[in-house]
Amino acid sequence: MKYLLALDAGTTSVRAMLFDFERKQFVYTAQQEVGQSFPHSGWVEQDANEIYYKSAYVLNRCIAEAGAENIAGIGLTNQRETVVCWDRNTGEPIAPAIGWQCRRTSEFCASVPQAEREIIRKKTGLPVDAYFSASKIKWILDHVPAARKLLERNTLCAGTVDSYLIFKLTGNFVTDHTNASRTMLFNIHTLDWDDELLSYFSIPRGILPEVKSSASVMGETSFGGRKIPIAGVAGDQQSALFGQACLYEGDGKITYGTGLFLLFNTGKTCADSQSGLISTVGYTLKDKTVYALEGSVFHAGSGVQWLRDGLGFISDAAETETLARSVPNAGGVTFVPAFTGLGAPHWDSEARGILSGLTRGTTKAHIVRAVLESIAYSARELIDCMQRDSGICLREIKCDGGASANDFLMQYQANVLGIGVNRPAERESTALGAVLLAAISLGMMDEAEARSVRKTQKLFRPEENRAACEEGYQAYLLAVKRALLKG
Ligand code: ADP
């Protein structure tokens, strides 16, 4: 069979992509936007039905293009942490999906005592935060009457977006280790739901899916009378780690999208972060568990969107590159894009953005450059933590995501880090990871072959004179301190 199919169920869109297995590249994409709603300040909801119907639609488009008989299997990757609760008998969601950015459970999370926080961090690798699924599931159990009714009847299902899509597409109630590791209910050392945590959040084990390895057949879905297995599943960032061929200890990648996500392969060791990073399952194959450290910064490319939509400085994100190059430096301007708080390593949702060092000589170009530089500095902050926590010294970092198209930013990143920044030919690392996991589980390739699919498009090497970058970084760290209300 000639093709594999990736389904990438993201926050703002779902995409299906056909992967030509001989040419080892994507050849066709179908995409649909999905909506989000914000019913109260800080709340984010989605319609799980819409996610499913649009996923089925884009899958159908690709299958019609290739012919179902030519598709060996589907690799699924998805937005993480978002929670869906549904009726096992009908597959109908009982409430809107609670999005990963939703802050409705912040107060509850803030009330968790220090001793419990430490237990939770040890078991799950995660800091207690409304970002993760556990408090969102608890909220539904506490506030949605239908949840209690279904619970009494033993037909309540609660899971992340992957488990809902797999349920709808195959009838099986399963998830993979990477998605489970973002729920704050999953013990990443034993690879099982943790009874102590389940009882702490008052969540019965029976409403959660079975957890399988990322490269395993989750079930079969029927299209036009043909059965196609869903054979690989991973949360979006972990999938990108795999697609970027970060398969050895010490390999890492940064995704420059709306936010910035650094994942760093720590091999068989589950590193215990003392710096506010997250320990997570990187991926699991049949006989192997690979851990990762993760740093998520909530705002990166969104600073560029703000330049466009908020300030009207640019009409297109790509213009930032020319503007940043038009000045020799940021003219002493420092930016911290803490629009809705700071993620790793600070975890302060009360922090707000800062633009400092303005003089009468400051121009639009300086501010644009400061915004791009801030992206590189936030990555440096994470990488410094990561190297400290893991004891591993990074040799090179792989990059992807929308803003990785910016050559100025990638070169500046190499200079700030003092290591090479390696951009792949295939920017869709997330979809690629899911397809490669499916290929491994179907026996179409082994791990070494999966590793060789990624090709370098450009390597940005650090330039000689980097003292100014270091000064800029120190100024950024000072500005972060000011942005932290608590600090
Ligand atoms: P997401 O998956 O989070 O929606 P993408 O990976 O599609 O994000 O990247 C989109 C983000 O990248 C936007 O915030 C946009 O402002 C930024 N971006 C896109 N192109 C560029 C560019 N050439 N320079 C800087 N930022 C860019």
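Helix 4 (residues 133-143) and helix 5 (residues 145-152) pack at about 90°, their axes 5 Å apart, and are therefore roughly perpendicular to each other, a label given to angles of 65 to 115 degrees. Axes here are lines fitted to C-alpha atoms over the stretch in contact, with angles from 0 to 180 degrees between N-to-C directions. Ile140, Leu141, Asp142 and His143 of helix 4 meet Pro145, Ala147, Arg148 and Leu151 of helix 5, contact being heavy atoms within 4.5 Å. By class, this contact has 5 nonpolar, 1 polar and 2 charged residues. Helices are DSSP runs of H or I with at least four residues, strands are E runs of at least two, and both are numbered from the N terminus.

The model is predicted: local features need pLDDT of at least 70 and side-chain atom pairs pLDDT 80 or more, while totals for chains, interfaces and linings use all residues. Residues are numbered from 1 along each chain, and side-chain values use heavy atoms, without hydrogens and water.

Helix 4 also takes part, with strand 8 (156-160), in lining the second largest cavity, each giving two or more residues. A cavity is a set of points on a 1 Å grid where a 1.4 Å probe fits but cannot get out, and lining residues have an atom within 4 Å of a point. The second largest cavity holds about 50 Å³, and strand 8 gives the most to its lining, with 3 residues. That lining has 6 nonpolar, 5 polar and no charged residues. The largest cavity holds about 90 Å³. Among its 15 lining residues, Val297, Leu342, Gly343, Ser378 and Tyr476 lie nearest its centre, and helix 12 (residues 364-390) gives the most, with 3 residues.

At the level of the whole chain, there are two parts, domain 1 (3-234) and domain 2 (246-418 + 455-487), with bounds from an automatic or database domain assignment. Their C-alpha centres lie 27 Å apart, and the contact takes 22 residues from domain 1 and 21 residues from domain 2.

Both domains give residues to the lining of the second largest pocket, so this pocket lies between them. A pocket is an open set of grid points with protein on both sides within 12 Å along at least five of seven lines. Its volume is about 620 Å³; of the 26 lining residues, Arg117, Pro127, Val128, Asp129 and Trp347 are the closest to its centre. Helix 3 supplies the largest share of the lining, 4 residues.

How values were computed: Points joined across faces, edges and corners; volume = space filled by probe spheres on them. Parallel < 35°, antiparallel > 145°, perpendicular 65-115°, else oblique. Nonpolar A, V, L, I, M, F, W, Y, C, P; charged D, E, K, R; others polar.
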